[in-house]
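Please look over the sequence and the model below before reading on.

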Amino acid sequence: PGDQMIACTMDAKQCPDGSYVGRSGPNCEFVCPITPINSTVIVHGMVTVGPSCPVMRMPPDDACGDKPFVGSIMLTNTSNGQNYTAYTNESGVFTLTLLRGVYDISNIPGSGPFPSCSGKIEITAPGGPIPISCDSGIR
């Protein structure tokens with residue numbers, strides 16, 4: 001009576017960190033590993049700028065598509081205010097190690113109004129490229 005065997009079903013669950021766990025324990029629950037809130041992840045981003053022509057054309061002109069942005073943008077962690085500078089290469093790609101969380105995207109202070117980069121991204125896991133679009137100001 002006190003030594004009853006418990007058998008859990010053999011299904012699995014994917015945890016937020018990407019790992020998989022089976023049911024365990026006396027209640028046959030899924031128990032995901034605890035990921036520290038301040039854990040860091042390596043992220044890749046791709047920054048583009050557009051429009052690149054003053055008038056949208058019909059049919060669309062391939063030469064007028066968004067172009068890779070070569071330069072730098074700022075990512076600000078909304079929970080702690082920490083700023084990170086993302087330097088892009090000739091393909092508009094950057095790599096940063098960031099804390100998991102939400103980030104505001106902005107121009108580097110003093111860099112001028114255009115291209116105008118803004119928005120929010122949420123970093124939860126390694127990966128990418130995270131697309132970031134900037135406005136060229138061309139109209």
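Which cysteine forms a disulfide with Cys8, and how far apart are their sulfur atoms?

## The link of Cys8 and Cys28

In this predicted model, the partner of Cys8 is Cys28, and the two sulfur atoms lie 2.2 Å apart. Because Cys8 sits in the segment before β1 (12-14) while Cys28 sits in the loop between β2 (20-24) and β3 (29-30), the pair ties together parts that are 20 residues apart in sequence. The link of Cys8 and Cys28 is left-handed, with -85° about the S-S bond.

The structure holds 3 disulfides, and another of them joins Cys53 to Cys64, with an S to S distance of 1.9 Å. Both Cys53 and Cys64 lie in the loop between β4 and β5 (67-68), so this pair ties together parts that are 11 residues apart in sequence. The link of Cys53 and Cys64 is left-handed, with -85° about the S-S bond, and both of its cysteines are buried.

The disulfide of Cys117 and Cys134 has an S to S distance of 2.0 Å. Its torsion about the S-S bond is about 110°, and the disulfide is therefore right-handed. Cys117 belongs to strand β10 (residues 116-117) and Cys134 to strand β12, so the pair ties together parts that are 17 residues apart in sequence. Cys117 is buried, with a relative accessible area of 4%, and Cys134 also counts as buried, at 4% relative accessibility.

## Overall form

The protein has 12 strands and 0 helices. Its radius of gyration is 22 Å, well over the 14 Å that the globule rule gives for 139 residues, so the protein is more spread out than a compact globule. Taken along the principal axes, the box filled by the C-alpha atoms is roughly 80 × 40 × 20 Å.

Of the 139 residues in the protein, 26% are buried, and the accessible surface comes to about 9000 Å², with 58% of that area belonging to carbon and sulfur atoms. Among the contacts with a separation of 6 or more, 44% are made by residues 24 or more positions apart. As for charge, there are 7 positive and 11 negative side chains, and the centres of the two sets lie 6 Å apart.

Thr48 has its place in strand β4 (residues 40-50), and it is buried, with a relative accessible area of 18%. Leaving aside residues up to four places away in sequence, Thr48 touches Asp66, Lys67, Pro68 and Phe69, together with Ile132, Ser133 and Cys134. Cys134, one of these contacts of Thr48, is joined by a disulfide to Cys117.

Gly127 is found in strand β12 (residues 127-135) and is partly exposed, with a relative accessible area of 30%. With residues up to four places away in sequence again left out, Gly127 touches Ile42, Val43 and His44. Gly127 and Asn27, in turn, are 100 residues apart in sequence and 34 Å apart in space, C-alpha to C-alpha.

Conventions: Residues are numbered from 1 along each chain as its sequence is written. This is a predicted model: local features need pLDDT of at least 70, side-chain atom pairs count only at pLDDT 80 or more; totals for chains, interfaces and linings use all residues. Side-chain values use heavy atoms; hydrogens and water are left out. Helices (H or I, at least four residues) and strands (E, at least two) are DSSP runs, numbered from the N terminus. Buried means under 20% relative accessible area, exposed over 50%, partly exposed in between (1.4 Å probe, protein chains only). Contact means heavy atoms within 4.5 Å. The radius of gyration is taken over C-alpha atoms; the globule rule is 2.2 Å times the number of residues to the power 0.38. Accessible areas come from the Shrake-Rupley method with a 1.4 Å probe; for residues, only the protein chains shown count as cover. Lys and Arg count as positive and Asp and Glu as negative; His and the chain ends are not counted. The place of a charge is taken as NZ of Lys, CZ of Arg, CG of Asp or CD of Glu. A disulfide is a pair of cysteine sulfur atoms within 2.5 Å.
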